[in-house]
Amino acid sequence: MYSLFVSLSITIGLLLSIISLKKIGLSKKHIIVICISISASFIAGARLLNYMIRYSDYKMLGISLFTPKLAYFSLYGGIIAVLIMLILVSLVWKLDILRVLDALTLPFLLSFAIMKIGCYLNGCCYGTFTNSWIGIALPTAKAEELANSKLFSIVSQTMKLKVYPTQFMEMSAALLIASFIVIFKKKLYKGATFFSTALSFSFARLIILPYRASIYAPVVTELVYPTIYITIIVTSMLLLVYLKP
């Protein structure tokens with residue numbers, strides 16, 4: 001299900017990107033190259049970051065960095081790689097990078113929301129255990145993994161294990177940001193759509209991070225990801241102030 005929804009999110013994201021890039025007047029050649037660049041750089045960047053932060057798992061499981069499976073991705077690795085690629089393409093063709101980034105923001109948010117449905121159906125990216133009313137059933141695969149644990153057997157006799165719906169929390173954040181973009185689009189100056197999204201999306205990920213059941217080493221969840229998020233938040237705030245007319 002994850003591979004299916006990743007493919008679906010990429011396809012819909014690219015279609016929406018084509019429409020958005022046409023609206024800002026880019027030629028077919030520019031649009032084709034940008035879309036190919038986005039697809040290739042996102043997959044490469046997302047896999048590379050995932051490989052770096054899960055190197056020991058790759059080695060232990062015998063997974064190649066170049067595995068064709070649509071899995072083993074880290075979102076921000078893909079985002080950073082795409083941003084670098086778009087800057088390079090814009091410099092070569094002398095495109096207005098801020099207009100390009102603004103045009104691609106909404107397609108990204110909708111594509112991400114679709115991908116989170118795949119995460120939920122696949123039982124990945126789930127949250128930590130909770131008794132809260134917003135909790136959802138522990139993914140089947142994880143429940144089966146814990147079934148042989150004596151501790152799990154004892155606990156399951158006294159309570160129904162639930163986890164935070166972090167997939168839906170992240171999806172809701174993306175859709176909420178997308179809604180604000182649509183509502184206030186006419187009031188946003190050039191660059192504001194992209195950088196306000198980068199700020200708010202990274203802030204949402206930072207807030208949700210402690211509620212996710214991480215498979216990464218503590219240094220990743222406690223240092224690497226928070227550093228990435230905070231850096232993007234601060235940088236986006238400064239650029240929003242700088243770019244304001």
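**Cores, cysteines and a surface patch**

Cys119 is buried, at 1% relative accessibility (buried is under 20% relative accessible area, exposed over 50%, partly exposed in between; 1.4 Å probe, protein chains only). The model is predicted: local features need pLDDT of at least 70, side-chain atom pairs count only at pLDDT 80 or more, and totals for chains, interfaces and linings use all residues. Residues are numbered from 1 along each chain as its sequence is written, and side-chain values use heavy atoms, without hydrogens and water.

**Cysteines**
- The whole structure holds zero disulfides (cysteine sulfur pairs within 2.5 Å).
- The closest cysteine sulfur to that of Cys119 is in Cys125, 3.8 Å away, so the two are too far apart for a bond.
- Cys35 is also buried, at 8%.

**Nonpolar cores**
- The largest core has 25 residues (a core is a set of buried Ala, Val, Leu, Ile, Met, Phe, Trp, Tyr and Cys residues joined through side-chain atoms within 4.5 Å).
- Tyr2, Leu109, Phe201 and Tyr225 have the most contacts inside this core.
- Helices supplying at least two of its residues include helix 1 (2-23), helix 5 (97-122) and helix 10 (218-243) (helices are DSSP runs of H or I, at least four residues, numbered from the N terminus).
- A second, separate core of 20 residues includes Leu26, Cys35, Leu86 and Leu101.

**Surface patch**
- Met1, Leu4, Ile117, Tyr120 and Leu121 form a nonpolar surface patch, with about 460 Å² of accessible area together (Shrake-Rupley method, 1.4 Å probe; patch residues have over 30% relative accessible area and no salt bridge, with nonpolar side chains joined within 5 Å; a salt bridge is a side-chain nitrogen of Lys or Arg within 4 Å of a carboxyl oxygen of Asp or Glu).
- Helix 5 gives the most, three residues.
- Leu121 lies in helix 5 and is partly exposed, at 44% relative accessibility.

How values were computed: Patch = residues over 30% accessible without salt bridge, like charges linked within 9 Å, V, L, I, M, F, W, Y side chains within 5 Å.
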